[in-house]
Amino acid sequence: MSVSPNFGPRPAGVRPSFVILHYTEMPLAAARARLCDPEAQVSAHWLISANGVAEALVDEEMRAWHAGVSAWRAHDNLNDVSIGIELDNPGPPGGSPPFPETQMAALEKLLAAIMERWAIPPENILAHSDVAPDRKVDPGEKFDWRRLARSGLSVWVDSEPSSVPAEDAATVAAFQRAARALGYRVEETSAMDDATRAVLTAFQRRFRPFEVGAPLCAEAVRQAEELAARWPVRR
Ligand SMILES: [Zn+2]
């Protein structure tokens with residue numbers, strides 16, 4: 001039985017194949033109340049408190065309302081195909097203070113169970129900012145994706161910061177191609193347009209947290225290409 005009234009059926013025959021991570025950006029009690037308020041029209045399947053208590057708010061079989069307008073690979077409207085997890089973290093945008101150890105341990109335990117239950121591969125564990133790069137920043141650059149990947153719960157390729165911006169047409173096109181192969185919804189325009197800038201910043205939040213907002217560089221392209229090559233699209 002779902003605790004929150006904010007859910008509906010998934011499309012016929014659709015099972016969850018993605019997990020989307022969020023942070024609440026408000027105190028725990030307020031976040032819980034909002035996720036259960038019929039007026040708010042938002043919800044998530046799980047809410048994990050800063051001290052590591054995971055509460056189920058919506059049954060995983062059902063469609064919760066956490067992703068909003070969103071896209072990844074061929075999917076529009078990620079709520080249809082995903083399980084949403086809200087992490088209790090007051091913000092500010094970017095996610096600070098850092099997510100506590102107890103909360104990360106609880107998340108790892110929950111993620112492993114969800115991935116087992118629904119046969120979800122590690123490349124399908126995503127940030128809200130990945131699927132809505134023009135309007136969302138959560139769970140932010142303070143969130144430790146590398147740690148999740150070490151436990152097989154996400155994907156990761158190490159990289160170095162770069163001080164050499166490279167936003168010429170060829171480098172931008174290479175980034176757009178690699179980001180698209182990874183799953184980001186971006187057109188191959190060869191131009192650093194607003195949509196591409198938003199995807200670059202989302203990519204940095206995930207994989208280059210030491211330079212969020214920096215210009216494109218060849219190292220970011222290499223990293224995106226290696227990620228796409230190591231975790232090719234399965235669905
Ligand atoms: Zn979110």
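Six bridges join strand β2 to strand β8, and the two run parallel. Strands here are DSSP runs of E, at least two residues long, and helices are runs of H or I of at least four, numbered from the N terminus. Two strands count as paired if DSSP finds at least two bridges between them. The model is predicted, so local features need pLDDT of at least 70 and side-chain atom pairs pLDDT 80 or more, while totals for chains, interfaces and linings use all residues. Residues are numbered from 1 along each chain as its sequence is written, and side-chain values use heavy atoms, with hydrogens and water left out.

**The sheet**

Five strands make up an open sheet with mixed pairing, in the order β4-β3-β8-β2-β9. Strands β4 (54-56) and β9 (125-127) stand at the edges with a single partner strand each, so one side of each has no neighbour in the sheet. On average, neighbouring strands are turned by 25° against each other, direction ignored. Strands of a sheet pair through backbone hydrogen bonds, either parallel or antiparallel.

| Pair | Sense and bridges | A bridge in the pair |
|---|---|---|
| β2 and β8 | parallel, six bridges | Tyr23 with Leu87 of β8 |
| β3 and β8 | parallel, three bridges | Ile48 with Leu87 of β8 |
| β2 and β9 | parallel, three bridges | Val19 with Ile125 of β9 |

Axes are lines fitted to C-alpha atoms, for helices over the stretch in contact, and angles run from 0 to 180 degrees between N-to-C directions.

Strand β8 is largely enclosed by the rest of the structure, because six of its six residues are buried. Buried means under 20% relative accessible area, exposed over 50%, and partly exposed in between (1.4 Å probe, protein chains only). Both faces of β8 are covered. Ser82, Gly84 and Glu86 lie on one side, with Ile83, Ile85 and Leu87 on the other.

**The zinc site**

The protein donors of the zinc ion are His22 (ND1), His128 (ND1) and Asp138 (OD), lying 2.1 Å from it. Donors are N, O and S atoms within 2.8 Å of the metal (3.2 Å for Na, K and Ca); water is not among the atoms, so sites may look incomplete. The spacing of the donor residues in sequence is H-x105-H-x9-D. His22 belongs to strand β2 and His128 to helix α3 (residues 128-131), so the pair ties together parts 106 residues apart in sequence. His22 is buried at a relative accessible area of 1%. His128 is buried too, at 3%.

**Helix α6**

Helix α6 (residues 194-207) has 14 residues. Eleven of the 14 are buried, among them Leu200, Phe203 and Phe207. These buried residues pack against β9, α3, α4 (145-150), α5 (169-182) and α7 (218-230). Contact means heavy atoms within 4.5 Å.

**The whole protein**

The protein has seven helices and nine strands. Its C-alpha trace spans about 55 × 40 × 35 Å along the principal axes. Buried residues make up 52% of the 235 residues. Of the contacts with a separation of 6 or more, 68% join residues 24 or more positions apart.

Technical notes. The expected span of a helix is 1.5 Å times one less than its number of residues.
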